[in-house]
Amino acid sequence: MTQLHTPRIGILMASTREGRFGERPANWIHEIALQRTDLAVDLIDLRDYPLPLFNEAMSPAWAPVQNVVAKRWGAKLETLDGLIIVMPEYNHGPNAALKNALDYAYSEFVRKPIAFVGYGGVGAARAIEQLRLIAVELQMAPIRHAVHIGMIEFKGLLMEGKTFDDFPHLAQSATAMLDDLSWWAHALKMARQATERAANRVA
């Protein structure tokens, strides 16, 4: 498969706070994904896009954003064919920095797949379910499989000196998620390209 046709997936570290745990699962899933030949992956840190609280005159669904950082964020998203969001759960929901970043783009998300690696509590399952609803409104395709790093694994990794190798079921979940994500990323990339070619012929 040529690099031109290989879908490019962004692995987004969604937490921006000091002392975040998210770097460990983000680097872990990134290393797993790098071993595959059916996907190209970029590791993206939301800290590199210090977006203010959303204050645009209109939704990005209706007008281009004006904020300089938001434009840079949108330009990065435009290069991707899908996303894996590595995220915590705060008060049964997604962290505010992540929701704010999603609000700052629209067309860059449309008809692309999205997957999730969640950690803490119940493996961020409640926050992930909320984000699946948000993803649908952004016209993304949230996939069924996810990686849930629950409290036992979270505490083991954070406080007991354990590694991801001590929890092989997480790697199994990662493989299932990446397999599913690859199928959707290839299918939707081809469909978007076909739609673009058809539009160009009409033009």
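From the N terminus on, the elements of the chain follow the order β-α-β-α-β-α-β-α-β-β-α-α, which amounts to six helices and six strands, where helices (H or I, at least four residues) and strands (E, at least two) are DSSP runs numbered from the N terminus. The radius of gyration of the chain is 17 Å, close to the 17 Å that the globule rule gives for 203 residues, so the chain is as compact as a globular protein of that length; this radius is taken over C-alpha atoms, and the globule rule is 2.2 Å times the number of residues to the power 0.38. The structure is a predicted model, in which local features need pLDDT of at least 70 and side-chain atom pairs count only at pLDDT 80 or more, whereas totals for chains, interfaces and linings use all residues. Residues are numbered from 1 along each chain as its sequence is written, and side-chain values use heavy atoms, with hydrogens and water left out.

Along its principal axes, the C-alpha trace of the chain spans about 60 × 40 × 25 Å. Buried residues make up 50% of the 203 residues, with buried meaning under 20% relative accessible area, exposed over 50%, and partly exposed in between (1.4 Å probe, protein chains only). Among contacts between residues at least 6 apart in sequence, 81% join residues at least 24 apart, a contact being heavy atoms within 4.5 Å.

Strand β4 (residues 113-119) has seven of its seven residues buried, so this strand is largely enclosed by the rest of the structure. In a regular strand the side chains alternate between the two faces of the sheet. In β4, P113, A115, V117 and Y119 point one way, while I114, F116 and G118 point the other way, and all are buried. Pairing of two strands requires that DSSP find at least two bridges between them. Strand β3 (residues 82-87) is joined to β4 by five bridges, and these strands run parallel; within this pairing, L83 has I114 of β4 as its bridge partner. Between β3 and β4 the chain passes through helix α3 (residues 96-103), and this β-α-β crossover is right-handed, that is, with the strands pointing away from the viewer, the path from the first strand over the helix to the second runs clockwise. Strand β4 is also joined to strand β5 (residues 141-142) by two bridges in parallel orientation, with A141 in β5 as the bridge partner of P113. Three bridges join β4 to strand β6 (residues 147-149), again running parallel, and here V117 stands opposite V147.

A search of the whole structure finds twelve salt bridges, each defined as a side-chain nitrogen of Lys or Arg within 4 Å of a carboxyl oxygen of Asp or Glu. One of these joins the side chains of R8 and D42, at 2.6 Å from N to O. Because R8 lies in strand β1 (residues 8-13) and D42 in strand β2 (residues 40-45), the pair ties together parts that are 34 residues apart in sequence. Of these two partners, R8 is partly exposed, with a relative accessible area of 25%, whereas D42 is buried at 17%. A salt bridge also forms between the side chains of E23 and R47 (3.9 Å, N to O); since E23 lies in helix α1 (residues 23-34) and R47 in the loop between β2 and α2 (68-78), the pair ties together parts that are 24 residues apart in sequence. Both E23, with a relative accessible area of 33%, and R47, with 31%, count as partly exposed. These residues belong to a network of salt bridges that links R20, E23, D45 and R47. The side chains of D38 and R36 likewise meet in a salt bridge, at 2.9 Å from N to O, and D38 is buried, with a relative accessible area of 17%.

Helix α6 (residues 168-202) comprises 35 residues and, at 1.5 Å a residue, should span 51 Å, which agrees with the 51 Å between its end C-alpha atoms; the expected span is 1.5 Å times one less than the number of residues. An α-helix has 3.6 residues a turn, so residues three or four places apart point the same way. The buried residues of α6 include L170, A174, M177, L178, L181, A185 and L188, and also D180, S182, H186 and K189.

In the loop between α3 and β4 lies S107, which is partly exposed, with a relative accessible area of 48%. The C-alpha atoms of S107 and W28 are separated by 29 Å, the two residues being 79 residues apart along the chain.
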